[in-house]
Amino acid sequence: MASKPRTLYEKIWDSHVVERLDDGTCLLYIDRHLVHEVTSPQAFEALRLAGRTVRRPDLTLAVPDHNLPTTPRVDADGLRLPIEDKQSAAQLAALEANAPAFGIDYIDATAPEQGIVHVVGPEQGFSLPGATIVCGDSHTAAHGGIGALAFGIGTSEVEHVLATQTLQLRQSKSMEVRVEGPLGPGVTPKDLILHIIGVIGTAGGTGHVIEYRGRVFEEMSVEGRLTICNMSIEGGARAGLIAPDEKVFDYLKGRPYSPRGEAWGKAVAWWRSLATDDGATFDKSVIIDAADVEPTVSWGTSPEDVVAVGGIVPSPDSFADPSKREAARKSLDYMGLTPGTPIEDIPVDNIFIGSCTNSRIEDLRSAAQILKGRRKAANVRWAIAVPGSGLVKRQAEAEGIDRIFTDAGFEWREPGCSACLAMNPDKVPPGERCASTSNRNFVGRQGPGSRTHLVSPAMAAAAAVTGRLADVRKLGTCQEAGG
Amino acid sequence: MKQVSTIEGRAIPLGLKNVDTDVIIPAHWLKTVSREGLGKGAFETIRAAPGNPFDVEDFANAPILIAGDNFGCGSSREHAAWAMLDMGLTAVIAPSFSDIFAGNAFKNGILAVELPQEQVDRLLEVAAEAELTIDLENQVVTTPFQDRFEFEIDPFRKRCLLEGLDEIGLTLGSDSEITKHEQMREGTLPWLDKPKRREAA
């Protein structure tokens, strides 16, 4: 192996190269493949047509999440309830049939371990540091939070991994996002990643793998790191990474798929060796001053359209680039916003707390802290809390968090992708505004005509109780608002 | 993979930046277990607006789309590529593409041609009245007005497209290398092998 100092990304990449072709394309070995119902049926079908098998079913785990309704899945007698939407039901049935047919572990929609694939992977210890992890979903980047090289793939690549356990790839460039200084009170990992995307832009990381560096990430919880890496794709990077450390090892120890005994010790020793070497260089480097990061809100229809909550809706004329000016004009028209309006004067109709970005226990705790003893404002028509997995839901219920949500006027749902992407019954109605802890504010993302404002869980809770986008720091009890 | 060499025809001058895959095919179209028939939902929100370029008669069945920076950003859904193919598009020209979309396009024989913004602007102009030609072998886009814009393409992808190679078939040709890697991995990174689900400790 090369003796020059290497980055975390280069170390993981080098250890997984099966074959290097003359033109620089590499055959990369894949350690973990997560499969869900929406991007896999065509891949299994193609395998069948070609008479191919799954090379390593033991390295593959299937769980439905995207189009499952988040309403109860079993009746009072524990019998499974049917899914009304015929296409969704057929897609789920296809995964339920394909997984056992190809020998793949399957987590059933009614199992307590079911949840959003990117919550389930780390929670089950299936995702591990230093591993290459893929899934037919762009938010696979999330698993970089535990130090895995994880990225989203298309369905043809899903088929390729199923058949060969490898991918043909070219190594990406490396990019460092270094954050200096500590985050202020009430500023969460979600605010930080929204701010970072605002700085680098949605194409800022294209062709790169981002490594997030600096004390703030060392001090951040594992769940916060998963939130950060999750949205790397919104900055254009296929993957994001944070060096694995003791916090990650503590988080993974004893989880169902985690290594045990002698294997655990060997694994930890290797994981410790993965951190970027002193003197290693990055192709691109961005430095962010943590003092500049405030509770952050998106105002437009691209994740780079962000502003501090104390700010105003920007004027399209404030952008130097003419195409950005035009895009801002269109965005504001779609969002129904007038330039110059203070962000805190924008009323909201819906609140969504959930998604692979922000549905873990810390996220729910952070929102509950703001909601405790409060109720959603009268103008908030629909507020929904969707835990990332059945285990997160159980944990929250054991802590009484479900009661805090329901007492505040929230619906407490079953785990799934829910209102993040409008392919299950949870949708934001046309023309209505939603303070959402999800990851994309694209046109129509939460339903045709829906208007999304991306925020942290604590900020979503603050929006729920005030009925408008609000600065969580003004509501008190923000000193511990993590998430 | 379908063989691709030269694409000739009208080009839809969309020009927009940051066309995300939710715009190319909204999520409610993703509940299918097939690759077919997604053209109906392609660019649904854009096509719903009066006067959009997809409605212009000259562009009916056009094989080429011209867009702005960062085309195909967002979700990894390959349905975006399938939807474009289903509506007859076999090439996209833009100043840049998201990594995942570029891969998905390639796997489906859609040429993703990257050109500098000035050249894309010129092609947007030409597209209003004339056909474009994309010659993959020579890596060049030409117009009837003597424009000639060369583009770069990954040599591996170029070969696969020109020869219509089956990528999985190619990889399976490296089967013994993969097996060798697996044996090595069993020795050096044994905990990555055969994970077994056990009760949480």
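In the predicted model, the side chains of E234(A) and R440(A) meet in a salt bridge, with an N to O distance of 2.6 Å; a salt bridge is here a side-chain nitrogen of Lys or Arg within 4 Å of a carboxyl oxygen of Asp or Glu. Across the interface of domain 2 and domain 3 of chain A, the rule finds one salt bridge. Residues are numbered from 1 along each chain as its sequence is written, and chains are lettered from A in the order in which they are written. For this predicted model, local features need pLDDT of at least 70, side-chain atom pairs count only at pLDDT 80 or more, and totals for chains, interfaces and linings use all residues, while side-chain values use heavy atoms, with hydrogens and water left out.

Chain A is divided into domain 1 (8-171 + 258-266), domain 2 (173-245 + 276-292) and domain 3 (296-475), with bounds from an automatic or database domain assignment. The C-alpha centres of domain 2 and domain 3 of chain A are 22 Å apart. Contact (heavy atoms within 4.5 Å) involves 20 residues of domain 2 of chain A and 23 residues of domain 3 of chain A. Between these two domains an area of about 1700 Å² is buried, 53% of it from carbon and sulfur atoms; buried area is the accessible area (1.4 Å probe) that two parts lose on being put together, summed over both. K190(A), L194(A) and E223(A) supply 33% of the area that domain 2 of chain A buries against domain 3 of chain A, more than any other three residues. The interface of domain 2 and domain 3 of chain A also has 12 residue pairs in polar contact, both residues at pLDDT 80 or more. A polar contact is a pair of N or O atoms within 3.5 Å; within protein, one must be able to donate a hydrogen and the other to accept it, and residues adjacent in sequence count only if both atoms are side-chain atoms.

Between the chains, 59 residues from chain B and 81 residues from chain A take part in the contact. The area buried between chain B and chain A is about 5700 Å², with carbon and sulfur atoms giving 54%. On the chain B side, K31(B), W191(B) and R197(B) lose the most area to chain A, together 14% of what that side buries. The count between chain B and chain A is 12 salt bridges and 34 residue pairs in polar contact. The side chains of D154(B) and R170(A) meet in a salt bridge of 2.8 Å, N to O.

The structure holds two cavities of 30 Å³ or more. On a 1 Å grid over the protein atoms alone, a cavity is a set of points where a 1.4 Å probe fits but cannot get out, and lining residues have an atom within 4 Å of a point; grid points are joined across faces, edges and corners, and a volume is the space filled by probe spheres set on the points. The largest cavity has a volume of about 200 Å³. Of its 25 lining residues, the closest to its centre are H66(A), D137(A), H139(A), L421(A) and R445(A). This lining draws at least three residues from each of domain 1 and domain 3 of chain A. The second largest cavity has a volume of about 120 Å³, and of its 14 lining residues the closest to its centre are T202(A), I233(A), G236(A), C73(B) and G74(B).

How values were computed:
1 Å grid on protein atoms, 1.4 Å probe; cavity = no way out; pocket = protein on both sides within 12 Å on 5 of 7 lines; lining within 4 Å.
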